[in-house]
Amino acid sequence: MGRQAAGWIIALGIASVPLSASAQANGAVQFRVDNDGFDFWLRPWERSDGEYTNGVRMSVELGRAPRWRHLTPSAPPCADVDDRTPRCTSTLFTLGQDMYTPAEDSQPYSYPGWRNQRPYAGWLFGSLLVRTARRSTVRSFGVTLGITGPPSLADRAQIRAHEAMRGYTNIPVGWETQIRFEPGVIVTANQRWLLFSGTVRGIRLIDAAVKAGVSAGNILTNAEAGADVRAGINLSHPWRRERRRGPAEIVAMFGVRGQAIAHTIFLDGNTIHPDRRVDRIPGVADVHGSVGIRLGPLVLAYAVTQRSREYTTGPRTHTFGSLVAGLGGLPSVLP
């Protein structure tokens, strides 16, 4: 969904956001688009179009945390310290829209068992994340606010995108059956640990990290854990960007993630009187890989994620790709 539109969003966004040299060291802007149409090893008409079918988000990271930095009084803003400071605080703002749909061959009304398939759902949201970064750990706390249902505008976005690409896909049928309007909140806490970092003559070539986190809210309640391995040339630190980095870097990353899900509105339906729901599987696993490049402040990356079955009548796996472009950030894609 929205493959051409997504490209224009990324290009226009990058062109419209200038960053000074100091901002590049302590701040970043990133545009990310997830889509199952980005499975480029398949012919366009063979690519899936369902499940988590599209996600668009813009993130802005600041080296400061103006008011909420008092939650961590011993950690000064990352914008005010050098690389030798033991720990510092930064802030990440994100605006996004996620879209979930049944597969094209499981559209509403098209066969008697259509209610056993994933319902249409849209999620329009904004989030605030406060990070406290050390050399070997990074801890984050965040809150996400948003809405589901027609106000999320997911139905309009997909229908218009499919109208523009009639040669490869069908017009979706059944958005009137989507998850109803509901204000949503998710509170999150996460931590990552750097296990090791391999360097040659001061140039980082490989590192590995593990992570764990929890989320609670009427949209999503889960616990998760995972691990990532990165390899490449002239790697930046995985989460604390040094003020002085080489002019370029190349990164390849592979990782796994497991989730124990207690509730997700996109499968369980609305909190009160759900009229669309499926039998959710409580444990879900992801395998992901990515490649990225940084040239000065410009960052480009591509990732592929394969997710295990999420509900009893769903597909055994679902694969989607991610395209990332940004300024001042890291050439990595994390789920």
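Buried, in this talk, means under 20% relative accessible area, exposed means over 50%, and partly exposed is in between, with a 1.4 Å probe and protein chains only. By that rule, Arg 257 and Asp 286 are both buried. I will come back to that pair.

First, the ground rules. This is a predicted model, in which local features need pLDDT of at least 70 and side-chain atom pairs count only at pLDDT 80 or more, while totals for chains, interfaces and linings use all residues. Residues are numbered from 1 along each chain as its sequence is written, and side-chain values use heavy atoms, with hydrogens and water left out.

Now the overall picture. The protein has 4 helices and 12 strands; these are DSSP runs numbered from the N terminus, H or I of at least four residues for helices and E of at least two for strands. Of its 335 residues, 49% count as buried. Contact means heavy atoms within 4.5 Å. Among contacts with a separation of 6 or more, 68% are between residues 24 or more positions apart.

Next, the salt bridges. The rule is a side-chain nitrogen of Lys or Arg within 4 Å of a carboxyl oxygen of Asp or Glu, and it gives 15 of them. Back to Arg 257 and Asp 286: their side chains meet in a salt bridge at 2.8 Å, N to O. Arg 257 is in strand β9 and Asp 286 in strand β10, so this pair ties together parts 29 residues apart in sequence. Which residues are joined with them into one network? Through shared partners, salt bridges link Glu 224, Arg 257, Asp 286 and Arg 307.

The strands β9 (residues 248–264) and β10 (residues 283–295) are also tied by Glu 249 and Arg 294, so parts 45 residues apart in sequence are joined here. That salt bridge is 2.6 Å, N to O. Glu 249 counts as buried at 1% relative accessibility, and Arg 294 is buried at 2%.

Another salt bridge pairs Arg 230 with Asp 207, with the closest N and O atoms 2.6 Å apart. Arg 230 is in strand β8 and Asp 207 in strand β7, so the link spans 23 residues in sequence. Arg 230 is buried, with a relative accessible area of 4%, and Asp 207 is buried at 3%.

On to the nonpolar cores. A core here is a set of buried Ala, Val, Leu, Ile, Met, Phe, Trp, Tyr and Cys residues joined through side-chain atoms within 4.5 Å. The largest has 11 residues, including Tyr 52, Trp 123, Ile 186, Ile 265 and Phe 320. Two elements give two or more residues to this core, β4 (121–134) and α4 (265–268), and β4 gives the most, with 3. A second, separate core has 5 residues, among them Ala 133, Leu 194, Ala 209 and Trp 239.

Beyond four places in sequence, Tyr 52 touches residues including Asp 34, Arg 57, Asp 98, Arg 307 and Phe 320.

Two single residues next. Ser 152 sits in the loop between β5 (137–148) and α3 (154–164). Is Ser 152 buried or exposed? At 0% relative accessibility, Ser 152 counts as buried. A polar atom of its side chain lies 2.7 Å from the backbone oxygen of Gly 149. Its contacts beyond four places in sequence are Gln 97, Gly 122, Trp 123, Leu 124 and Ile 147.

Thr 137 is in strand β5 and is buried, with a relative accessible area of 17%. Beyond four places in sequence, Thr 137 contacts Thr 132, Gln 191, Arg 192, Trp 193 and Trp 239.

Last, the surface. A nonpolar patch of about 670 Å² includes Trp 193, Phe 196, Ile 203 and Val 229. Patches are made of residues with over 30% relative accessible area and no salt bridge, with like charges joined within 9 Å and nonpolar side chains (Val, Leu, Ile, Met, Phe, Trp, Tyr) within 5 Å. The largest share, 4 residues, comes from β6. Val 229 belongs to strand β8 (residues 220–233) and is partly exposed, at 39% relative accessibility.

Notes: Areas by Shrake-Rupley, 256 points an atom, 1.4 Å probe, with all protein chains shown as cover. Polar contact = N/O pair within 3.5 Å; in protein donor to acceptor, adjacent residues only side chain to side chain.
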